[in-house]
Amino acid sequence: MSSSSSPSSSQTGGDQGGIGSSGGRDDRGRRRRRGRLRRHHQLLQGESSSSAIAAAAAASAAAARVSAASSSRRRSSSFMAASEGVWPEPFVESLAFQVALDASVSNGRLAAAPAMAILFLVCSTWGAISRSELLWQNLTRRVWNATRHLQQTWRNEYIYRHRTARNFRLRRYIYTTLHFTDVAAPVPGNNNNDAGADHHLICLRIALSDHHLAAGFSDGSVRLFDLHSHLHLHTFRPFLRDLLGLFSRAVSGIVLSPQRVTFASLDGDVHVSHFAVYGGPGPGPGPGATRRARLGDVVNDGALVDFTGCERFWVGLYAGVPGRAIHIWHAVSEELLFEGGTLTDPEAVMGWHMFTEWTTEFVGRVRVTGQELAVAWTGLRVLLFDLRNQGLVVGEEDAPLGLIVGFADAADEAFMTADTSGVVSVRRVRTLEEVCRFSLRGAGAGATAAARGLLGCMNSGYAVMCVGGVVRAWEIEHGERLYRFRERIGEATALTASERRVAGSSSGRTIHVWDFGA
């Protein structure tokens, strides 16, 4: 501690000497510097004193570690640093990065900003480091796992993500509902097509991007909404063919990118459509031609019970034909890269029943993580496989108590499972190490495998669960139960979360959106 405190003392003393010799003009400059540092301190935004103390402790510990690790470098330049009374800017920047990272690991991501604010208040030179775009870029990537910024600068991006995550914790959101007026596609063989179609129009899947929401329905259609104006922009419909059952063209998954929507149906068809966005070429939001990228083969593959993807890959989870559970495609070339696996073999009969029977029980679920690994669940097993290595299995685990598939989800480097006793476990993708666990007991209706409308989702910091129409939130760093949402949605049919929003639907035609954006 003595080695790390002496330079800061000399820096403070140098500042005081300059102020004493400059008179009133330097007093005004000192007040301006304090004002700038006070604005950095506003990142705290009402943090509790215990959080500030923890952040200060983390800052002190990190400073000691960085000082010890850099002792040889400091010895080589100690004479220059002592004579000028300052620490080199790269050293202070490294210290600030380490302080924030240690605070994030020890006390959660929201503790990183208070720790940095304390560091920036040491003196004006240290406060000037807060203007380093490289520092904020590295911090945003490590703390928030973000590779691109939506705000004007990386510093603004970090502040935006911090405030949004804090809004999640404190239940600060704007609630809206999305509506549409177009009718469902007609059901073949039904004399009263419109009425019969609307009777079976159920929202089954929801996907979120930064600006849009896509909702997939039981008639195979996907409706695109603008999240800023809350307007229904367009309805994408699949190419029609002979039905194997009432729900054979029901949407089983959506991949939504900034200008493209890819959606799959239960019969295995995959459709792709491009759309324009505000500020882009063309008069405004508008659809391109929808094309069928893949024609499903139900006889050889079974039912496509879930579909997901990322920028590079699409992943499908099938049930009905042994040894054909997992399919992986390249998202750009649309080439099939892998097919195989026995994950859903025990659920083969359930897969065939999905064509003709509506049920809220999920056969299986698959999600892609930020590391291009995929996690797949059934009621009996969890499977992790590498998309870049032709579905190589990197982890597998049986579930003796059984799993509630509707509660399974993944985000960034973590995934969660819930057993039939109502215990939720959050784990790291690579190592299967358990981050936290919490119980759904006492969260309204008891969480059992036979209960209806049990759905869950997660982002990188929080888990959201719907039980009995009541939506509740937990933080996933320590498993703390936070609050229940003020709105009830009834029996949920779809639920998803991004870093900013939560969206859900029930058996009606209403889509619920909770916006936590700063």
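The model is predicted, so local features need pLDDT of at least 70 and side-chain atom pairs count only at pLDDT 80 or more, whereas totals for chains, interfaces and linings use all residues. Residues are numbered from 1 along each chain as its sequence is written, and side-chain values use heavy atoms, with hydrogens and water left out.

**Stop 1**

Select residues 270–274, which form strand β8. Strands here are DSSP runs of E of at least two residues, helices are runs of H or I of at least four residues, and both are numbered from the N terminus. Four of the five residues of β8 are buried; buried means under 20% relative accessible area, exposed over 50%, and partly exposed in between, with a 1.4 Å probe and protein chains only.

Two strands pair if DSSP finds at least two bridges between them. Thr-262 has Val-272 in β8 as its bridge partner. The two strands form a hairpin with four residues between them, and Gly-268 in the turn has a positive phi of about 100°.

Next, select residues 291–294, strand β9, which pairs with β8 in the antiparallel sense over three bridges. Here Val-270 stands opposite Arg-294.

**Stop 2: salt bridges**

The whole structure contains 25 salt bridges. A salt bridge is a side-chain nitrogen of Lys or Arg within 4 Å of a carboxyl oxygen of Asp or Glu.

Select Arg-109 and Glu-477, whose closest N and O atoms are 3.9 Å apart in a salt bridge. Arg-109 lies in the loop between α5 (89–107) and α6 (112–120) and Glu-477 in the loop between β24 (470–475) and β25 (481–488), so the pair ties together parts that are 368 residues apart in sequence. Arg-109 is buried at 10% relative accessibility, whereas Glu-477 is partly exposed at 30%.

Move to Glu-396 and Arg-381, a salt bridge with its closest N and O atoms 2.0 Å apart. Glu-396 belongs to strand β17 (residues 392–398) and Arg-381 to strand β16 (residues 381–386), 15 residues apart. Glu-396 is partly exposed, at 44%, while Arg-381 is buried, at 18%.

Then select Asp-515 and Arg-500, which form a salt bridge with a closest N to O separation of 2.7 Å. Asp-515 is in strand β28 (residues 511–515), and Arg-500 is in the loop between β26 (492–497) and β27 (501–506). Asp-515 counts as buried at 16%, and Arg-500 as partly exposed at 24%.

To finish this stop, select Arg-205, Asp-306, Arg-367 and Asp-409 together; salt bridges link these residues in a network.

**Stop 3: Thr-369**

Select Thr-369 in the loop between β14 (365–368) and β15 (373–377). Thr-369 is buried, with 6% relative accessibility. Leaving aside neighbours within four places in sequence, Thr-369 is in contact with Val-375, Ala-410, Asp-412 and Val-429, where contact means heavy atoms within 4.5 Å.

**Stop 4: cysteines**

The structure holds zero disulfides, a disulfide being a pair of cysteine sulfur atoms within 2.5 Å. Select Cys-457 and Cys-466: the closest cysteine sulfur to that of Cys-457 is in Cys-466, 9.4 Å away, which is too far for a bond. Cys-457 is buried, with a relative accessible area of 0%. Lastly, select Cys-203, which is buried at 1% relative accessibility.
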